[in-house]
Amino acid sequence: MTTPTPPTDAGAVPVCPRHPDRVAYVRCQRCGRPTCPECQRPAAVGVHCVDCVRQAQGTVRSTTTVFGGKVRTGRPTVTYTLIALNVLVFLVEQLQGRAFINQWTFAPFLGRSEPWRFLTSAFLHDPGTLLHIGFNMYALWILGQFLEPVLGRWRFLTAYLLAALAGSVMVLLLASPDARSWFTGVYGASGAVFGLFGIVIVVLRRLKRDARSMLIVLALNAAIPFFVRNISWQAHVGGFIVGLLLGVAFAYAPRVRQRTVSLAAAVGTGVLLVVLTVVTYALV
């Protein structure tokens, strides 16, 4: 039986009828209802919801999403875990202050001797304000609820970490050993979040959905570093570029080879970032 569509206001954010707690911008090509990644089923034309597929074909529920992610029920575990880790680190910062941040933040002159800083810096936020961590975690919550179910847990986590790493690598590439930028510490989850922005844009385009609203949000966030001091736009650019690359690999891979292409893209991106880092330090 088809689940009835709950009444919504004209300007309300569309939600999945089966999972009212999830925002769903993709609509079923048959019934026109919003459908979340867990309820989407690929069709010859567009995407159908699970109810229409069952009603029309009487087939069993597919075990994979449109982009090859394993269908799972419940909350986006990886997204919530990443948010919890960031919040936990933020609480530790309140107790230990700048000493803790200085121990884990990234700066180009420290990356060669302490390479873990390329990634640990992505879990740090300004302890003096809730705005920094608040914005990043809200964006992660919104993007993660859509991307994690669609991509699957391991691809979502891999993309997040690679985008975070790419943010630090871009800071390194654009820094000069003779300038202050070589010794300036940077931290925050913005690079990883911008990577998710990049993936979302590609996924929406792949589904032939309007991505203009996402582009507007991205443009506004990209403009913030030009009006607010001490924000690393370099990390934003690095994360966004990697997000676009991974998004293309994840979204446009042939269905029969989605896992292979996704793994190759992730490994290749990681190797490229390592090579760029090694070469940069070798030249300075």
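1. Confidence. This is a predicted model, with an average pLDDT of 85 over the chain. A pLDDT of at least 70 is reached by 88% of the residues. Residues 1-10 fall below 50, and this stretch makes 11 contacts in the model beyond near neighbours in sequence.

2. Main core. The largest nonpolar core contains 62 residues, and L140 and L147 have the most contacts inside it. Two or more residues each come from α2 (77-96), α3 (98-104), α6, α7 (153-174), α8 (190-206), α9 (212-223), α10 (233-252) and α11 (258-283). The largest share is that of α8, with 11 residues.

3. L140. Setting aside neighbours within four places in sequence, L140 contacts T79, L82, I83, F156, Y160 and L196.

4. Second core. A separate core of 5 residues is also present; among its members are A24, C36, C39 and V50.

5. H125, position and burial. H125 sits in the loop between α5 (117-120) and α6 (130-151). The relative accessible area of H125 is 1%, so this residue counts as buried, the cut-off being under 20%.

6. H125, surroundings. Not counting residues up to four places away in sequence, H125 touches N86, F90, E93, I101, H132, I133, N136, M137, Y187, G188 and A189. With A189 there is also a polar approach: a polar atom of the H125 side chain lies 3.5 Å from the backbone nitrogen of A189.

Conventions
Residues numbered from 1 in each chain as written. Predicted model: local features only at pLDDT ≥ 70, side-chain atom pairs only at ≥ 80, totals over all residues. Heavy atoms only, no water. Helix = DSSP H or I, 4+ residues; strand = E, 2+ residues; numbered from the N terminus. Buried < 20%, exposed > 50% of the residue type's maximum accessible area, 1.4 Å probe, protein only. Polar contact = N/O pair within 3.5 Å; in protein donor to acceptor, adjacent residues only side chain to side chain. Contact = heavy atoms within 4.5 Å. Core = buried A, V, L, I, M, F, W, Y, C linked by side-chain atoms within 4.5 Å. pLDDT = per-residue confidence, 0-100.
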